[in-house]
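The sequence and the model come next.

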Amino acid sequence: MGIMCEPHMMTHIDIVIKFGGSAVTDKGCFETYRPDVTSKLAQHVKDCHEAGMSCIIVHGAGSFGHHQAKEYAINEGLRGATKEDHKHKIWGYCLVRQSVLKLNNAVVNSLIDVGVPAISISPGTSWKVKDRQPLHWPHEVLEQYLLSGLVPVFHGDCCMDTDLTCSILSGDTVIKAICSNFNVKKVVFVTDVAGIYDRPPNFQDAKLLKTLKVDERGDLTESIQLSSSANDVTGGMKLKLKSAIDIVVQTNGQCPVYITGYSSPNLSDVLLCKGHSEDWNVTRIVKNDVSS
Ligand SMILES: Nc1ncnc2c1ncn2[C@@H]1O[C@H](COP(=O)(O)OP(=O)(O)OP(=O)(O)O)[C@@H](O)[C@H]1O
Ligand SMILES: C=C(C)CCOP(=O)(O)O
């Protein structure tokens, strides 16, 4: 992906945290927000902020946005659409945006309520996207926000797409783009499961994989079976794992990626600790030359 912006690589970001849609919403129920989970996560962000860490939050869409995106097939774009189709899809595009903004408003308010100076940034209004991948976005603004001590809150969004006319940009892809342009120290994906299992966690005998090692080509030593929910238009855990692997490879292992659950007893450790413990019940994705 052709993202270039050398000077920003100097700016370091201690942590990028994804509030997964599976955590902050009930993905099975249309537009069902989980205020209790979000406010617990907001408290964790406050702890990071008070510890002097520079933080970026990205949240997924969960049951906001995915349903509308699926109904109007927004991620398939508009190429070849008839005039009628075009009108229909453009309407769907508006509904997706409004839906994710409802969730974004709730998430940002939850952060502000606990004292985090959160500021909303919608990729869809300023990011240039080509075939669902970010091509260009205003890094300078993000840098200024960070230098001012604000906590930027991005979200998965619908975007104008130079190839497809419109598409869906997952929060997972937003995180990968941030890691391509800034010196990010750690990424933590918070979901509704403890981490990555060798097979979908509802399968019998599913085993939590605590450390996944990636080689320079992005290959894993483990074989993993993944499933995604019917209403998810961005590929569920499959895209998350791919994004995590890409981040580890593109940063040459400098940025470890964690996937953990919102109810994990180790969430605070994962967010705040500089080191790592194999006792934590989470998944850590690292380069294969990392010893422990
Ligand atoms: N092998 C696997 N290991 C762990 N989770 C898996 C696996 N296969 C499928 N899953 C599912 O992945 C889901 C989490 O992925 P999902 O994409 O929903 O996360 P999210 O980032 O919270 O959502 P969103 O994309 O809406 O932000 C879990 O609910 C789990 O059931
Ligand atoms: C469905 C929309 C609009 C965004 C999807 O973002 P994600 O939930 O992070 O994959």
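## Tyr258 and Trp280

In this predicted model, Tyr258 counts as buried, at 2% relative accessibility. Trp280 is buried as well, with a relative accessibility of 9%. Tyr258 and Trp280 form a tilted aromatic pair, with 6.4 Å from centre to centre and 50° between the planes. Tyr258 belongs to strand S13 (residues 257-261), while Trp280 sits in the loop between helix H8 (267-272) and strand S14 (283-287), so the pair ties together parts that lie 22 residues apart in sequence.

## Aromatic pairs and a cluster

How many aromatic pairs are there? The count comes to four. In one of them, Trp137 and Phe182, the ring centres are 6.2 Å apart and the planes are at 45°, so this pair is tilted. The two residues come from distant parts of the chain, 45 residues apart. Trp137 is in the loop between strand S6 (133-136) and helix H5 (139-147), and Phe182 is in the loop between helix H6 (171-181) and strand S10 (183-184).

Are Trp137 and Phe182 buried or exposed? Trp137 is buried, at a relative accessible area of 1%, and Phe182 is buried with a relative accessible area of 1%. Trp137 and Phe182 are also members of one aromatic cluster, together with Trp127 and Phe154.

## Strand S2

Strand S2 covers residues 15-19, and five of its five residues are buried. In a regular strand, side chains alternate between the two faces of the sheet. Both faces of S2 are covered. Ile15, Ile17 and Phe19 are buried on one side, and Val16 and Lys18 are buried on the other.

Which strands pair with S2? S2 pairs with strand S3 (residues 55-59) in the parallel sense, over five bridges, and Ile15 stands opposite Cys55 in S3. S2 also pairs in the parallel sense with strand S11 (residues 187-191), over four bridges. Here Val16 stands opposite Val187 in S11.

## Nonpolar cores

In soluble globular proteins, nonpolar side chains tend to be buried together. The largest nonpolar core in this model has 39 residues. The residues with the most contacts inside this core are Val16, Ile56, Phe154, Ile178, Val184, Val187 and Ile285. Elements that give two or more residues to the core are S3, H5, H6, S11, strand S12 (211-214), helix H7 (236-250) and S13. H7 provides the largest share, six residues.

A second, separate core has 31 residues, and Ala42, Val116, Tyr258 and Trp280 are among them. The tilted pair of Tyr258 and Trp280 is therefore made of two buried residues that both belong to this second core.

What does Val16 touch, leaving aside residues up to four places away in sequence? The contacts of Val16 are Ile56, Val58, Ile175, Ile178, Val184, Lys186, Val187 and Val188.

## Cysteines

How many disulfides does the model contain? The count comes to zero. For Cys158, the closest cysteine sulfur is that of Cys159, and the two sulfurs are 6.8 Å apart, too far for a bond, because a disulfide requires sulfur atoms within 2.5 Å. Cys158 is buried, at a relative accessible area of 0%. Cys29, in contrast, counts as partly exposed, with 36% relative accessibility.

Definitions and conventions: Residues numbered from 1 in each chain as written. Chains lettered and ligands numbered in written order. Predicted model: local features only at pLDDT ≥ 70, side-chain atom pairs only at ≥ 80, totals over all residues. Heavy atoms only, no water. Buried < 20%, exposed > 50% of the residue type's maximum accessible area, 1.4 Å probe, protein only. Pairing = 2+ DSSP bridges. Phe/Tyr/Trp six-rings, centres within 6.5 Å; stacked < 30°, edge-to-face > 60°. Core = buried A, V, L, I, M, F, W, Y, C linked by side-chain atoms within 4.5 Å. Contact = heavy atoms within 4.5 Å.
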